[in-house]
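Hello,

Here is the structure I promised you. Have it open while you read my notes below.

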Amino acid sequence: MTNSIPPDVAAALLGAQGIASTPESAEAGARFATLVLGKSAKAFAQLAFEDEASGYTAALRKGAP
Amino acid sequence: MNDSAILELSCAGLARAIRDKQVSAAKAMEATLARAQAVQPKLNAFLRIDTDLALDAARLADRDLARGHLRGPLHGVPMAHKDMYYREGVASSYGGRIGASRPAPSTATALARLDAAGAIQFGVLNMAECAFGPTGHNYHYGHCRNAWNPEYITGGSSSGSATAVAARATYAALGSDTGGSIRLPASFCGASGIKPTYGRVSRAGAMPLSFSMDTVGPLARTVEDCALILSALAGADARDPLAEAREVPDYLAQMRRSAAGLTIGKPRQYFYDGCDAEIAALMEASLETFRSLGATVVEVDLPDVDAWNAAATMIISSEAASVHGNWLRTRPHEYSAQVRARLEQGFAIPAAAYIDSLRLRGVALREFSERVFSKVDVLHAPVVAFQTPGIAETDVGGGPTMAALLARLTRLTRPGNFLGVPALSLQAGFTKAGMPVGMQLLGRPFDEAALFALGHAYQGATDFHRKAPAL
């Protein structure tokens, strides 16, 4: 389970990356990030220490008939 | 052959007719251009039609053929493409204003390969702005409309590609699929479309959205057309380091093998959650057709697809935010409210979560292969679990209901992008309201051939793909 991202944190993240936010866009960004982080938290917690992004390309090639 | 008969031919059928000199490329182009002009006011499918250039190119193709020079398997076939494939010296709009003043430095590999196969591009097609929208709404150039009923959405982002194919206003069209953008419009408009395995087709010269998920593929009238066009598109490309070097199979030959002996999986979880009863019945009927063709159908259990969908969303959002970051900082007003709002959301995703999403992909694909592809050759599922919505009811702009609507639309397509496996969308019938319904077949990585074999056999036993909308 993850904690939610509050709108002020989302606004700070956008601002730090040069993106001007409004209260509405910060709220939407916070809601969006909280939702997807919550849905993926369990799967991320099960990742092995050694799993890395390049494992995908290997799996793609290995999975071919 | 009169214009109506020419327009009823498939892409493969027209290529044969031109080769056999039953119809000239110029005559086919004239018929196509007239059809495109005729349906444009109703569908808003085209962003540009290059009449004079296309006719000149078609006449040249006829002269080549008269001299005995067949350029390739698509010699003289008219095509229009989603306006995100670069043509040297020409600006692609990306369905918005942001790219419209940026002439391309070189031609997309996909276009170059279709040129080399003999196809003739006669225009560019409407699309969701920046390929970042699954409905077919476009706030810059006007909403694209479904050929089966212009009050309904086309689906997106390859909106113009699907509705133009359905309307017989192009023989085929390139689309792109990052979260469902080939399969959704193919399903809503009654076309066939193949999202190839990630890396099977070069992305060089295609507008990027999410470089880890973007795929290039065709929408066409038949599965055979998809196989024919993918044969021209697929293969290694020095301009795209992720384009796979493995040999491209003879898709047309493999497409003709029997469906008998192939095993199809029906998912027990996820894909039928809350599914409309009419759509579920059409899916079951299509499975029955596959059984009658000799395929075996078994039920399969799936892993936690919801988590994969969330991870896919994080990858697409983060990469799209990065790709568009410079323009979002300097020219944010040139995006529509919806696309700008969606792009901005990507900046709220923590970097570690983005990387975790990428790490999860390999784990997910291994798990899916073990659970599903150890038991079946292909997974069968609906493309969308609900009936085609209207344009007005889904015109939500960047408002508070946007996220839920868009997530609902891509819920069944996005897992295929996360896994990167090939997925073929083809017609499974019509609702009582007369709108097409699509199924998707997901295969093992680089096994597009199995999808084509099943899809071609299915279209040999059904006639949904032959029906044309009354426009």
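How many bridges join β2(B) to strand β3 of chain B, and do these strands run parallel or antiparallel? There are 5 bridges, and the two strands run parallel. Strand β3 covers residues 120-125. One pairing to look up: M79(B) has Q121(B) in β3(B) as its bridge partner. Please keep in mind that this is a predicted model.

Now the whole sheet. It is open and has 3 strands of chain B, in the order β1-β3-β2. The pairing is mixed. β1 (46-49) and β2 (78-82) of chain B are the edge strands, each pairing on one side only. On average, neighbouring strands are turned by 35 degrees against each other, direction ignored.

Next, the interface. Here 33 residues of chain A are in contact with 37 residues of chain B. The two chains bury about 3000 Å² between them. Of that area, 69% lies on carbon and sulfur atoms. Three residues stand out: F32(A), Y56(A) and L60(A) supply 21% of the area that chain A buries against chain B, more than any other three residues.

Then the polar side of things. The rule finds 2 salt bridges across the interface. R61(A) forms a salt bridge with E244(B), with the closest N and O atoms 3.1 Å apart. There are also 7 residue pairs in polar contact across the interface.

Last, the side of chain A that touches chain B. α1 (7-16), α2 (23-45) and α3 (55-62) of chain A each supply at least two residues to this side. α2(A) gives the most, with 11 residues. By class, this side has 22 nonpolar, 7 polar and 4 charged residues.

Best wishes

Notes. Residues numbered from 1 in each chain as written. Chains lettered and ligands numbered in written order. Predicted model: local features only at pLDDT ≥ 70, side-chain atom pairs only at ≥ 80, totals over all residues. Heavy atoms only, no water. Contact = heavy atoms within 4.5 Å. Buried area = accessible area lost by both parts, 1.4 Å probe. Salt bridge = Lys/Arg side-chain N within 4 Å of Asp/Glu carboxyl O. Polar contact = N/O pair within 3.5 Å; in protein donor to acceptor, adjacent residues only side chain to side chain. Helix = DSSP H or I, 4+ residues; strand = E, 2+ residues; numbered from the N terminus. Nonpolar A, V, L, I, M, F, W, Y, C, P; charged D, E, K, R; others polar. Pairing = 2+ DSSP bridges. Axes fitted to C-alpha atoms, helices over the stretch in contact; angles between N-to-C directions.
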